[in-house]
Amino acid sequence: MENLQIEKNIEKAKEALNLAEAVLITAGAGMGVDSGLPDFRGKEGFWRAYPYAKKLGLSFQELANPKWFKADPYLAWAFYGHRLNLYRNTQPHKGFYLLRDFVRKKGDNYFIFTSNVDGQFQKACFDQNKIVEIHGSIHYLQCIKPCSNDIWSADSIDIEVDMENFRAKDPLPKCVNCGDIARPNILMFGDWSWISDRTESQEFRLNLWLNRNEDKNIVIIEIGAGEAIPTVRWFGERIAKEYNGTLIRINPRDYTVPSNIKAIPIALGGLEAIKKLLE
Ligand SMILES: NC(=O)c1ccc[n+]([C@@H]2O[C@H](COP(=O)([O-])OP(=O)(O)OC[C@H]3O[C@@H](n4cnc5c(N)ncnc54)[C@H](O)[C@@H]3O)[C@@H](O)[C@H]2O)c1
Ligand SMILES: [Zn+2]
């Protein structure tokens with residue numbers, strides 16, 4: 001996308017944001033990139049972030065599979081323990097706070113829909129009752145069996161990971177009910193045991209919000225949502241269509257938009273685009 005086109009689209013997006021009465025923020029892994037977090041774009045992207053997975057020949061789809069918690073829990077917890085520590089130690093970039101100030105000006109009439117499991121929106125003080133974490137959260141745990149539908153906070157657990165050998169160290173997190181291994185309450189690939197109750201309550205609240213805003217001018221701000229698992233992209237596109245809203249798609253690479261909805265692509269990184277739009 002040429003610079004001139006980007007500038008034009010920024011102006012169009014600013015107008016849309018001015019007129020917005022309800023704001024839906026949708027985000028994928030690209031939202032965290034400017035905070036220093038890796039996205040998992042493509043096999044190579046994933047292997048850059050996890051060189052040991054390359055050594056094992058495991059793609060993201062293969063490693064992010066609940067079977068490892070049974071077959072090799074030390075390997076499974078190396079991956080998720082490392083991510084838990086990384087997300088805990090990461091501070092949300094300024095774009096999160098610019099978005100938060102913006103929605104405040106709109107009377108806090110907003111909702112967030114993200115495939116990120118990192119809890120960065122909560123960390124940036126967005127209202128936790130206005131967030132849908134469609135793939136769950138790394139900050140909650142559940143039983144691998146699972147022996148019940150309970151999930152519980154991961155805040156009290158600490159996992160040390162030997163990154164050289166990609167092994168978590170003892171003790172591994174245990175189920176609070178049966179003592180078996182615990183796993184993150186994240187939707188993995190080929191996952192039949194994810195406990196979805198928490199995400200379902202979040203979706204229930206989102207649907208109430210959408211119903212309340214049926215007649216409002218909804219603007220969707222999408223940041224860093226990839227094409228490999230397009231849940232977030234499709235959701236934003238669907239809402240734009242059904243509610244006659246405007247989708248602002250921020251993505252340095254995957255910025256193409258469908259022609260049958262009102263959509264404004266912005267081919268920039270998340271932080272830079274948000275600054276241009278809101279600062
Ligand atoms: N932080 C996290 O929680 C996290 C991180 C990686 C993967 N995941 C999980 O993996 C899956 C991956 O899906 P995905 O589509 O979110 O990620 P993805 O890695 O497939 O795609 C990332 C997207 O972000 C874009 N991007 C790269 N740099 C950017 C920047 N600076 N600003 C804005 N956008 C940028 C890329 O072009 C790409 O389209 C999801 O299911 C998610 O649950 C989560
Ligand atoms: Zn259990």
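## Around ligand 1

A residue counts as near a molecule or strand here if its C-beta atom, placed from the backbone, lies within 6 Å of it. With that in mind, ligand 1 has 28 residues around it, and those that come nearest are Gly28, Gly30, Asp39, Gly224 and Gly226. Keep in mind that this is a predicted model, where local features need pLDDT of at least 70, side-chain atom pairs count only at pLDDT 80 or more, and totals for chains, interfaces and linings use all residues. Residues are numbered from 1 along each chain as its sequence is written, while chains are lettered from A and ligands numbered from 1 in the order in which they are written.

Helix H2 (residues 30–33) supplies the largest share of this shell, 3 residues. Helices (H or I, at least four residues) and strands (E, at least two) are DSSP runs, numbered from the N terminus. By type, the shell splits into 11 nonpolar, 11 polar and 6 charged residues. The sorting goes like this: Ala, Val, Leu, Ile, Met, Phe, Trp, Tyr, Cys and Pro are nonpolar, Asp, Glu, Lys and Arg are charged, and the others, Gly among them, are polar.

The largest nonpolar core has 41 residues, and Val23, Leu24, Ile220 and Ile248 touch the most other members. Such a core is a set of buried Ala, Val, Leu, Ile, Met, Phe, Trp, Tyr and Cys residues joined through C-beta atoms within 7 Å. Another core, of 32 residues, lies apart from it and includes Phe46, Phe60, Phe79 and Tyr87. "Buried" means 20 or more other C-beta atoms within 10 Å of a residue's own, "exposed" means 12 or fewer, and "partly exposed" is in between, with C-beta atoms placed from the backbone.

Leaving aside neighbours within four places in sequence, Leu24 is in contact (C-beta atoms, placed from the backbone, within 7 Å) with Phe111, Phe113, Ile218, Ile220 and Ile239.

## Gly245

Look for Gly245 in the loop between helix H11 (231–242) and strand S10 (246–250). Gly245 counts as buried because it has 23 C-beta neighbours inside 10 Å. Not counting residues up to four places away in sequence, Gly245 touches Ile218, Val219, Ile220, Ile239 and Ala240. Val23 is 222 residues from Gly245 in sequence, yet their C-alpha atoms are 9.8 Å apart in space.

Pairing takes at least two DSSP bridges between two strands. Strand S4 (residues 136–143) has 3 bridges to S5 and 5 to S8. Gln142 stands opposite Ile151 in S5, and Leu141 has Pro184 in S8 as its bridge partner. Since 8 of the 8 residues of S4 are buried, S4 is largely enclosed by the rest of the structure.

## His135

His135 sits in the loop between strand S3 (131–133) and S4. His135 is buried, with 22 other C-beta atoms within 10 Å. Residues up to four places away in sequence aside, His135 touches Ser115, Val117, Ile186 and Leu187.

Methods:
Two residues are in contact if their C-beta atoms, placed from the backbone, lie within 7 Å.
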